[in-house]
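Reader: I would like to learn how to read aromatic contacts in a model. Please start with a case.

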Amino acid sequence: MNNTKNRLKLIGKILVSIILVFALIIGSYVIYVYAQYHRLPNDMKQTIKNPQTQQVELGQTYKMMTFNIGYGSYPPSFNFFMDGGDDVRAYSKSAVKSAIQEDIRLINKEKPDFGNIQEIDWQGDRSQQVNEPQMVRAGLPDYTSVLTQNYDSAFLFYPVTKPIGKAKSGIMTYSKYEIESSTRYKLPIETNFNKFFDLDRAFSVSILPIKNSDKKFVIFNTHLSAFITDQKIQKQQLLTLFDEMKKYVSKGDYVICGADYNHALAGKAHPELTWMKEFPTENLTKGMRVVAPTNAPTVRSLDYAYDKKIPKNTFGIIDGFLVSNNIKDLKIQTIDNQFKSSDHQPVVMDFSLEK
């Protein structure tokens, strides 16, 4: 009888010890996540690499591309856990490099004068530690570029069985023409525990001088939050973006924002998805308009792998441009490459700055 009691006491002590160890591990991790969490300050001047000297001119025709490259980790076979799929990190380092090379090929084939990239990683576990900005800059030697950090996350131990890990990710603007300055601005995000998953969010504003003009050509670049349920935050992000645009539109400057808005710019919206609700055109800055393609989708859902013959994904148009009324859009289209290198497809627009 005493032996049985002793055994039960021993088992109880072991169980309590195990629980305490797990509690210590979890507590330590929570402390680590809170300690690591930070947001960059607002109004940060950005570094301009490989500066160009040629200036934009009024009345000329130019081409601009916007492209969420999905940090080189979403080939057609990929389905993502945040969308209800199974995959978490990119398959391999070579797979990421192959995807980024395909992105560079697409850009060089289209030869845009200006371009915005979203979800470009460096030091990312999810993207197998590939320095993607370095690859893109090497692949676009004739462009000046500005890399803006969108977020720098602590190691996220989620999902528990195969965690997504740490990531530094950003947005990049590149140009064949002179960029005289570029600034990073903060966007509102959730303030509860969800902030550790939404991380930091920002947009960049790049100022380009116009030859023989006192006006400026202003390029906005951003990637708005996707997996958040608080619609107030989504609205606040857009209103923050619109308010900054107003400063330039009111002065008569020429403004373009090429971005992944995580809202439907054209076609059918899917309000059941946090990242494809209808775009609030009624709140858009006065003097600006939406210019979006309709020839092919710009994004696919990642709940299923992409099968061209029998696609099960949800498709939409969430990538495109906001354009001031003194800019004439001449042509816009999605470059349909069957989601070869990303869950998004690039969008290109021909335009001119009206005299």
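**Aromatic pairs**

Author: Y261 is buried, with a relative accessible area of 0%; buried means under 20%, exposed over 50% and partly exposed in between, with a 1.4 Å probe and protein chains only. F279 also counts as buried, at 3% relative accessibility. This is a predicted model, in which local features need pLDDT of at least 70 and side-chain atom pairs count only at pLDDT 80 or more, while totals for chains, interfaces and linings use all residues. Residues are numbered from 1 along each chain as its sequence is written, and side-chain values use heavy atoms, leaving out hydrogens and water.

Reader: How many aromatic pairs does a search of the whole structure find?

Author: Rings of Phe, Tyr and Trp (its six-membered ring) pair if their centres lie within 6.5 Å; planes under 30 degrees apart count as stacked, over 60 as edge-to-face and the rest as tilted. The search finds 22 pairs. One of them, F114 with Y177, is tilted, at 5.6 Å centre to centre and 35 degrees between the planes.

Reader: Where in the chain do F114 and Y177 lie?

Author: Helices (H or I, at least four residues) and strands (E, at least two) are DSSP runs, numbered from the N terminus. F114 is in strand β4 (residues 114-122) and Y177 in the loop between β6 (165-175) and β7 (181-186), 63 residues apart. Both F114 and Y177 are buried.

Reader: What kind of aromatic pair do Y261 and F279 form?

Author: That pair is edge-to-face: 5.8 Å centre to centre, with 75 degrees between the planes.

Reader: Which residues do ring pairs link into a cluster?

Author: The cluster consists of Y71, Y74, F78, F80, F81 and Y91.
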